[in-house]
Amino acid sequence: MLSQRMKSLRSKKKLTQSELAKILGVARTTYAMYEQGQREPDYETLQKIADYFEVTVDYLLGREEKKTPSWSDEDEFDKWVNDPEVYKFYKEFNDSPEERRQALLAVWEILKKQK
């Protein structure tokens with residue numbers, strides 16, 4: 001799924017593998033292996049790909065069909081974004097070392113699956 005979506009997104013932008021590899025900071029051969037399904041990008045590269053194409057990592061991994069997150073109730077989104085506790089968590093998360101952020105994301109994924 002990942003390899004197919006990467007190839008499709010790249011093609012839609014009319015980029016060569018070499019051009020995208022340069023943007024992502026990987027060798028062309030490495031990128032080619034991603035599209036062939038012979039190798040998987042590390043977390044940081046996966047994030048770069050998602051950010052570049054403005055899609056979610058879940059979309060790239062085939063876990064969802066929507067390319068971008070959507071909010072059905074705009075007012076609810078505004079409340080959530082402006083919540084001081086959410087901001088405090090966001091600030092603490094961003095100020096944490098990378099290893100701690102990865103651990104928190106792993107816990108988040110486990111909690112989402114239990115839902």
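Trainee: Leaving aside neighbours within four places in sequence, which residues is L60 in contact with?

Mentor: This is a predicted model, and in it L60 is in contact with M1, L2, R5, L9, L46, I49, A50 and V55, once its neighbours within four places in sequence are set aside.

Trainee: Which residues touch the most other members of the largest nonpolar core?

Mentor: Y31, V55 and L60 do, in a core of 17 residues.

Trainee: Which helices supply at least two residues each to this core?

Mentor: They are α1, α2 (17–24), α3, α4 (43–53) and α5 (57–61).

Trainee: And which one gives the most?

Mentor: α4 gives the most, with four residues. As general background, nonpolar side chains tend to be buried together in soluble globular proteins.

Trainee: New topic, helix packing. What do I need to describe two packed helices?

Mentor: The angle between their axes and the distance between the axes.

Trainee: Okay, at what angle do α2 and α3 pack?

Mentor: At about 105°, with the axes 8 Å apart. Angles of 65 to 115 degrees count as roughly perpendicular, so α2 and α3 are roughly perpendicular to each other.

Trainee: Which residues make that contact of α2 and α3?

Mentor: From α2 there are Q17, S18, L20, A21 and L24, and from α3 there are R28, Y31, A32 and E35. By class, the contact of α2 with α3 has five nonpolar, two polar and two charged residues.

Trainee: How do the axes of α1 and α3 cross?

Mentor: Helix α1 (residues 2–12) and helix α3 (residues 28–36) cross at roughly 120°, and their axes come within 6 Å. On the α1 side S3, M6, K7 and R10 take part, and they meet Y31, Y34, E35 and Q36 in α3.

Trainee: How many charged residues are in the contact of α1 with α3?

Mentor: Three are charged, alongside three nonpolar and two polar residues.

Trainee: Y31 keeps turning up. Is Y31 buried or exposed?

Mentor: Y31 is buried, and Y34 is buried too.

Trainee: How many aromatic pairs does the structure hold?

Mentor: Two. In one of them, the rings of Y31 and Y34 have centres 6.0 Å apart and planes at 75°, so this pair is edge-to-face.

Trainee: And how far apart are Y31 and Y34 along helix α3?

Mentor: Three residues, so about one helical turn separates Y31 from Y34.

Trainee: What about Y52 and F53, what is the angle between their planes?

Mentor: The planes of Y52 and F53 are at 85°, the centres are 5.0 Å apart, and the pair is edge-to-face. Y52 is partly exposed, with a relative accessible area of 29%. F53 is buried, and its relative accessible area is 9%.

Trainee: Switching to loops. What is the phi of K14?

Mentor: K14 has a positive phi of about 55°, although K14 is not a glycine. This residue lies in the loop between α1 and α2.

Trainee: Is K14 buried or exposed?

Mentor: K14 is exposed, with a relative accessible area of 72%.

Trainee: And what is the phi of E54?

Mentor: E54 also has a positive phi of about 55° without being a glycine.

Trainee: Where does E54 lie?

Mentor: In the loop between α4 and α5. E54 is exposed, with a relative accessible area of 62%.

Note on methods: Residues are numbered from 1 along each chain as its sequence is written. This is a predicted model: local features need pLDDT of at least 70, side-chain atom pairs count only at pLDDT 80 or more; totals for chains, interfaces and linings use all residues. Side-chain values use heavy atoms; hydrogens and water are left out. Axes are lines fitted to C-alpha atoms, for helices over the stretch in contact, and angles run from 0 to 180 degrees between N-to-C directions. Contact means heavy atoms within 4.5 Å. Ala, Val, Leu, Ile, Met, Phe, Trp, Tyr, Cys and Pro count as nonpolar, Asp, Glu, Lys and Arg as charged, and the others, Gly among them, as polar. A nonpolar core is a set of buried Ala, Val, Leu, Ile, Met, Phe, Trp, Tyr and Cys residues joined through side-chain atoms within 4.5 Å. Buried means under 20% relative accessible area, exposed over 50%, partly exposed in between (1.4 Å probe, protein chains only). Angles under 35 degrees count as roughly parallel, over 145 as roughly antiparallel, 65 to 115 as roughly perpendicular and the rest as oblique. Rings of Phe, Tyr and Trp (its six-membered ring) pair if their centres lie within 6.5 Å; planes under 30 degrees apart count as stacked, over 60 as edge-to-face and the rest as tilted.
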